[in-house]
Amino acid sequence: MLRITQYAEVIVDVPTMQTNRPYTYKVKKEFENEIDSGMRVVVPFGRGSRLVQGFVMRVFTQNSFEGSLKEITALIDFEPVLNTESLELAKWMARNTFSFAISCLQTMLPGALRAKYQKELVLIDGRELSKEVSAFFNTRKSQFLDEQKVSADLLTKLLDARKKGKVKLNYLVNDRLLPKKVIFVKSILSKEQLEAAKKNLRANAANLKKMLDYLIRHSQEVQQTILEKKLKITAQTLHSAEKRGWIKRFEKVARRNPVENMEIVKTHPRELTVAQKEAVTAINADIDNENAITFLLEGVTGSGKTEVYLQAIAHVLAKKKTALMLVPEISLTPQMVKRVIGRFGTQVALFHSGLSAGERFDEWRRIKEGKASVVVGARSAVFTPLENIGVIIMDEEHESSYKQEKMPRYHARDVAKWRADYHNCPVILGSATPSLESRARAQKGVYRWLKLPQRINNRPLPAVSLIDMRQEAKKTRFPDFSQSLLDAITVRLEKKEQTILMLNRRGYSSFMMCRDCGYVLNCPNCDISLTLHLDTHSMKCHYCGHEEKIPYICPACGSKQIRYYGTGTQKVEKELRQLFPQARILRMDVDTTRRKGAHESILRRFGERKADILLGTQMIAKGLDYPEVTLVGVLNADTALGMADFRASERTFQLLTQVSGRAGRAQKEGKVIIQTYNPNHYALLLAQKQDYEEFFNQEMNIRHRGGYPPYFFTIQVTASALDEGNAAKKIFETYTELKKVLGRNSFILGPTPKAIMRINNRYYYQLIIKYKKEPKLNACLHALLQKSQRDERAGVMITIDKEPLNFI
DNA sequence: AGCACGCCGACT
DNA sequence: GTCGGCGTGCTC
């Protein structure tokens, strides 16, 4: 019988421009019936044929590659981890975001499925080894090599031994996949035997007795940790019971449940307002017609957008389809999660960065196996392998966290629309303050525009006052608090109502400066001042992580007159405690929420009214709904306005509108106090009035005059190098190249050095292309990247960011 | 990324 | 003469 040789196109895990294309491999006979596209494989790559992970993109029989082919070493998966849709999406994304295909493929999988490489040194000839090398092997035949842990001296000796053929270097590809093993406990005695054992116990063996009592009552197996918690006993007791032959302990594979300890209350569909009903009807019609259309659901805070989402999801589920709901990381609060799970139960899968690698993997697997039909998650959830999607929802669509800031620089909104096209289903973009881009598209009829103009029960919007801090700051001893805000807090404390205080920290930090000579402590690697951290008692660089002691003497002039400028949450907390010693204060910022679950626990405590004041950064602005909060204070509304970014007003308006919505959500009337140094700025005045329409009009005018999005598309090209001159040279070369190609209706801003020109000793230069229509631009930029491969050798890197959100 | 090849200077 | 520096090219 004639056998046909199979070949496979593989994308290898070598993230560089040069290797960013499929390579053809021969498929061994033994894999012929197993191999499929979307599987991960191990392949030999490069001259040394080191083993790397790869993704099979295509299996075929007609090979056109002329050179000699290597064989696939091993299949990592029994079945594909990526389906056809994911592979197609990855290809599209790589092309559209100027990213490596391998990076796109990797981001679609949970981290646990990403390859981990280990280097193994194998001893071949043990004679005449140096002392250090012998000590490294320490009688073993092979040893793992971690370059980070081995001294530079030993490393050269090891590599030397390798060159002499005494030692061989192997590359191992491991899976990080880790099914969770849980220890279970089960009694192996009968009730009678247990009773007998209990009688023979010493009188003071209280823990053993507790355990025997439990076992007598419950004969089924139980998880060890749960038993320990329930009976307040330790593993010690269980070990001793095992030794006595009462119980057996054994391992089981378990699902990690991210909402294990959450109390879920069943929720029911709510009565809809007229506007909500109209929205649901319109959406459901397009769900039924399998229309890949985009809706913009614009509704003020408290107008019931979530209920619209939930009813659309219910409609989809009734049709035996699935639903994807994207939420910003920051508003994936327990409140929101409870509401969705309360409605749809165990078919909901959660997907966000707060989960451990194991939990993420388990949720991903549930989705893939079709055991979850609703996915709620942050940005990366847009890639979850749901099949037969009936609706995709993106809440708070204006949120900048939907755009990934590192390779691949995708926007979840674009991916959502791509998938909606693939599945023929509608997308719902929801927001109280839509991005100008989306709102403009709705106006032009590109999106279907749905509005929820009324708050539920016609609750009044809270009264918002702007406080001019230019005057106020002079009056008080505490420059962060105006008298009006202090008075308002005092009243809430007396009435036992709650207060939320927000500190806008974007582009803002507390730094150290010498009063005598003006010296500012900067990072040695980056062009940025170090930030004071009171919890670790150190000065840290937020870009490269550099950390050093807090200076008490000026390093420049030796003066002791050192001051700390800027407002950090820690400093404000200290001031608050002085001002209101009787108040219970909770602080929520990156420092207090780093630990897993800390975020939830702070919010829960506040929700249980265990604190009077919640002080935090932007992260408290969204999604919270506490009826007892009647005062919201924004300490510094305008730090974002000071930034040279055309989106500054938009961000400020969105944030203030958002945070104002936190006050007075129940019966009690809410009050919002915004402290600002720019009380006449239109973004602040219109946020005060909660007038999105007027803000949209004014801002669009400004964008039109300045030639900014949404009137123009933008692309940012960055060149970076260790040597400043090389980076500058490259960006000017790029500029000249682009000038040749661009039409007369397109513009280039720059080239300029970036605002923070040096990060981790690399210098950054950038230019921004503004265009309306440039059909050849994509191809041109790809050619540019292709050509700059040679410079990459010299350490000059080019990155391209389509529609960047940060221009600095 | 990682490895080999090759072309230069400074050493046994 | 050869050892080793790292610029350049290539990986199915």
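This is a predicted model: local features need pLDDT of at least 70, side-chain atom pairs count only at pLDDT 80 or more; totals for chains, interfaces and linings use all residues.
View 1. The peptide bond joining Met 407 to Pro 408 is cis, with an omega of about -5°. As a rule, most peptide bonds are trans.

**View 2. Pro 709 and Pro 710, another cis bond.** Here the peptide bond running from Pro 709 to Pro 710 is cis, and omega is near 5°. Pro 710 belongs to the loop between helix H21 (692–706) and strand S30 (713–721).

**View 3. Ser 49 and its positive phi.** Ser 49 isn't a glycine, yet its phi is positive, about 50°. Look for Ser 49 in the loop between S3 and strand S4 (50–60). Is Ser 49 buried, partly exposed or exposed? With a relative accessible area of 29%, Ser 49 counts as partly exposed.

View 4. Most residues other than glycine have a negative phi. Lys 320 sits in the loop between helix H10 (305–318) and strand S13 (322–326). Its relative accessible area is 72%, so Lys 320 is exposed.

**View 5. Thr 433, tucked away in a loop.** Thr 433 is in the loop between strand S17 (427–431) and helix H14 (436–444). Thr 433 is buried because its relative accessible area is 1%, under the 20% cut-off. Leaving aside residues up to four places away in sequence, Thr 433 touches His 398, Phe 653, Gln 654, Thr 657, Gln 658 and Tyr 692.

**View 6. The protein surface around DNA strand B.** Val 14, Thr 16, Arg 47, Arg 50, Tyr 171 and Arg 793 are the residues around DNA strand B. Of the DNA strand B atoms that come within 4 Å of the protein, 63% are sugar and phosphate. Bases get a contact too: an N or O atom in the side chain of Arg 50 is 3.0 Å from a base nitrogen of DNA strand B. By class, the surface near DNA strand B has 2 nonpolar, 1 polar and 3 charged residues.

**View 7. The protein surface around DNA strand C.** There are 15 residues around DNA strand C, and Thr 24, Phe 65, Leu 69, Lys 70 and Arg 793 come nearest. Sugar or phosphate makes up 31% of the DNA strand C atoms within 4 Å of the protein, and the rest belong to bases. The surface near DNA strand C splits into 6 nonpolar, 5 polar and 4 charged residues.

**View 8. Polar atom pairs along DNA strand C.** What does Lys 70 approach with a polar side-chain atom? That atom lies 2.3 Å from a phosphate oxygen of DNA strand C. Thr 24 uses its backbone instead, with a polar atom 2.7 Å from a base oxygen of DNA strand C. Gly 46 has a polar backbone atom 3.4 Å from a sugar or linking oxygen of DNA strand C. Strand S2 (23–26) and strand S3 (40–45) are the elements giving two or more residues to the surface near DNA strand C. The largest share, 3 residues, comes from S2.

**View 9. Residues 286–452, a stretch with a UniProt label.** An unreviewed UniProt entry lists residues 286–452 as "domain: Helicase ATP-binding". The chain there is 37% helix and 22% strand, and the C-alpha atoms at its ends are 19 Å apart.

Terms used: Residues are numbered from 1 along each chain as its sequence is written. Chains are lettered from A and ligands numbered from 1 in the order in which they are written. Side-chain values use heavy atoms; hydrogens and water are left out. A residue is near a molecule or strand if one of its heavy atoms lies within 4 Å of it. A polar contact is a pair of N or O atoms within 3.5 Å; within protein, one must be able to donate a hydrogen and the other to accept it, and residues adjacent in sequence count only if both atoms are side-chain atoms. Ala, Val, Leu, Ile, Met, Phe, Trp, Tyr, Cys and Pro count as nonpolar, Asp, Glu, Lys and Arg as charged, and the others, Gly among them, as polar. UniProt positions are given in the numbering used here, feature names are shortened, and annotations may be inferred rather than shown by experiment. Helices (H or I, at least four residues) and strands (E, at least two) are DSSP runs, numbered from the N terminus. Buried means under 20% relative accessible area, exposed over 50%, partly exposed in between (1.4 Å probe, protein chains only). Contact means heavy atoms within 4.5 Å.
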